[in-house]
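Please look over the structure below before you read the notes.

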Amino acid sequence: MQLPDKTPLVENVVVTSKKDLTELAKKALSEGKGAFLKVFAKDQRGKYYITILLDSSKVLAAECLVVDNKQTLVGEDALNLFKALLGKPMVVDAYSLDEIEMKLSIAENLDVYSETPKIPLDELFSGSAVQVRSKEVPEAKEPAPKPEPVPEQKPVAEKKPGEKAVPKPAQKSGGKPEIVVSFTGGKLPEEAFKKYAEHIVREVRKMKGVSIDKIEFDANVGEGVVYLNVHVYGSAGTGDRRNLEVAERRILHIVSKHAPVILREAEHKPILRDISVVLNGEEARPQEITLKDEKKTGAVTKDGRVKLSVLKDVWPYFSNFARTVVQELETAGIKVDSAYFDVKGWREFEVNLSIVVESPFDRATTEKTIRTVLTRHVKELSRSIGRYITVHSVEVELVEKPSLGHAPAKKPVASGKAAEVLAKKALLEKEVEKLLKEAGIDELAPLTEQKKKEAEETLLKSRVEPAIETLKNRIRAELKLMPRVIFKWLKINHEVHGTTVYIDVEASFVKENVGGLFGAYSGVSDEKIKKDVVDVINRIIREVSSEYSVAIKPRSVNVILR
């Protein structure tokens with residue numbers, strides 16, 4: 001944890017008993033409004049560096065670094081370890097904090113503060129919670145042999161008939177859930193799994209109307225790691241489907257959160273392969289919960305022409321987005337007969353559009369217009385709701401407009417007049433060339449060419465400046481939405497040679513790591529990130545070049561990744 005710059009009240013003091021540690025904490029608290037303890041301790045399993053923030057009555061935040069493997073324990077896990085170490089020799093630094101320093105300390109460690117139970121100081125230093133836990137362990141040892149043969153007798157028909165029958169007697173007889181542990185590839189102390197189960201059960205008991213009847217651990221033990229499948233069976237008092245799913249989600253989170261107990265107790269890193277939660281006979285798994293339910297499909301216009309399918313919580317944003325896209329297309333002269341926006345995803349979204357239109361343009365122009373309008377509004381929506389959104393597919397069905405009877409008669413007339421004018425223009429040009437040659441002024445031709453070239457360059461420059469400005473804005477907006485990195489700055493220099501604009505692009509990013517479901521971090525290579533950035537920049541260059549009819553070519557693209 002972070003602590004404001006402060007001189008310790010006492011430093012490197014060795015305490016050998018709970019009483020000495022309690023007196024030291026009280027001394028620090030008597031000097032101010034709160035105290036901060038830095039504790040170094042060890043046991044047969046490893047070395048620990050523990051930091052605890054206290055006020056006059058309770059614990060505010062606790063964190064522990066396991067020195068041997070650099071693992072960090074936060075909140076309840078850190079406090080349980082601290083209680084288990086009470087009475088052993090410890091090296092302690094104690095800080096006394098005034099009111100402002102207390103508030104600064106909480107603000108700088110909000111994540112740890114939010115995960116730490118606010119237990120009274122008497123409970124922290126008494127060690128009573130540890131003694132209660134140690135008494136429960138022998139009781140758990142006696143029934144342990146009994147449940148082990150049970151899964152062997154019913155491996156095939158184990159789940160639905162057996163599970164509903166097992167929990168209810170267990171709840172009535174003693175209120176303790178049945179713990180079943182099965183091993184493959186090696187063995188670990190079953191005590192570690194029972195303590196893991198205790199943490200799960202203790203936190204689930206705080207959930208109103210939810211009880212755990214049985215927990216199954218399937219452990220595949222490897223070299224320093226154990227691959228775990230955890231199956232939790234229980235019941236919930238409510239029959240409401242929505243409340244049931246919320247309870248299942250919370251239990252899935254609890255099972256993942258307390259997995260480090262195995263590392264602490266058995267010195268094997270747990271890797272959770274599969275978790276399932278069965279409440280009232282209905283099963284949920286992590287991936288199913290994030291991808292199922294919640295999706296709403298329906299019309300967003302009164303006439304039913306425009307339909308949308310997206311998660312319920314973002315339905316208002318995407319429905320307004322769909323109406324805006326259709327309205328802008330119709331303003332541009334493209335009549336929309338029907339449109340279906342299928343938005344897939346949960347945290348990040350991809351838009352798939354199927355649209356039937358009547359257009360005065362050809363197919364290529366129509367498709368380009370639709371994709372341009374859609375992409376622009378997707379970017380605006382992404383900024384508004386703070387989610388990453390992309391356009392995945394656009395399917396356009398073009399319906400021919402019925403032609404009026406007099407329309408074909410007008411076209412030949414217009415074509416004939418145009419052909420007549422062009423023919424006269426060609427004759428005049430030939431006549432002028434002939435007169436110039438007869439007069440002996442051939443040097444007028446290069447002068448005319450020079451004037452023509454200057455006129456073209458002037459016209460080009462009038463389009464280059466707005467094109468480059470648009471290019472900068474679009475690249476900057478797109479780079480802010482790049483996943484796995486934080487955009488810092490962008491530089492674009494351009495140079496005009498003839499009818500081509502050459503540009504040099506330089507962009508800077510900071511790479512970030514993303515936490516996985518069970519605390520693992522997923523990383524992507526720097527080369528892959530840089531390639532994605534270069535692809536985005538090249539795509540935008542092509543789009544702007546086409547829109548402004550300016551030949552823009554990237555001379556160099558430099559991506560800086562820190």
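1. Ala, Val, Leu, Ile, Met, Phe, Trp, Tyr, Cys and Pro count as nonpolar, Asp, Glu, Lys and Arg as charged, and the others, Gly among them, as polar. By this scheme the lining of the largest cavity has 4 nonpolar, 3 polar and 2 charged residues. Among the lining residues are Val-15, Lys-18, Leu-86, Lys-88 and Met-90.

2. The model is predicted: local features need pLDDT of at least 70, side-chain atom pairs count only at pLDDT 80 or more, and totals for chains, interfaces and linings use all residues. Residues are numbered from 1 along each chain as its sequence is written, and side-chain values use heavy atoms, with hydrogens and water left out.

3. How many cavities of 30 Å³ or more does a search of the whole structure find? The search finds 1. A cavity is a set of points, on a 1 Å grid over the protein atoms alone, where a 1.4 Å probe fits but cannot get out; lining residues have an atom within 4 Å of a point. The largest cavity holds about 30 Å³ of space, a volume being the space filled by probe spheres set on the points, which are joined across faces, edges and corners.

4. The protein has 562 residues, and 40% of them count as buried (under 20% relative accessible area; exposed is over 50%, partly exposed in between; 1.4 Å probe, protein chains only).

5. The protein contains 18 helices and 21 strands. Helices (H or I, at least four residues) and strands (E, at least two) are DSSP runs, numbered from the N terminus.

6. Strand E17 (residues 485-497) and strand E18 (residues 500-511) run antiparallel and are joined by 12 bridges; two strands pair if DSSP finds at least two bridges between them. Glu-495 has Tyr-502 in E18 as its bridge partner. The two strands form a hairpin with 2 residues between them, and Gly-498 in the turn has a positive phi of about 65°.

7. On E18 there is also a parallel pairing: 10 bridges join E18 to strand E21 (residues 551-561). Here Val-505 has Val-557 in E21 as its bridge partner.

8. Most residues other than glycine have a negative phi. Asn-12, in strand E1 (residues 10-15), has a positive phi near 55° and is exposed, with a relative accessible area of 53%. Glu-267 also has a positive phi, about 55°. Glu-267 sits in the loop between helix H12 (260-266) and strand E10 (269-279) and is partly exposed at 44% relative accessible area.

Methods:
On a 1 Å grid over the protein atoms alone, a cavity is a set of points where a 1.4 Å probe fits but cannot get out, and a pocket is an open set with protein on both sides within 12 Å along at least five of seven lines; lining residues have an atom within 4 Å of a point.
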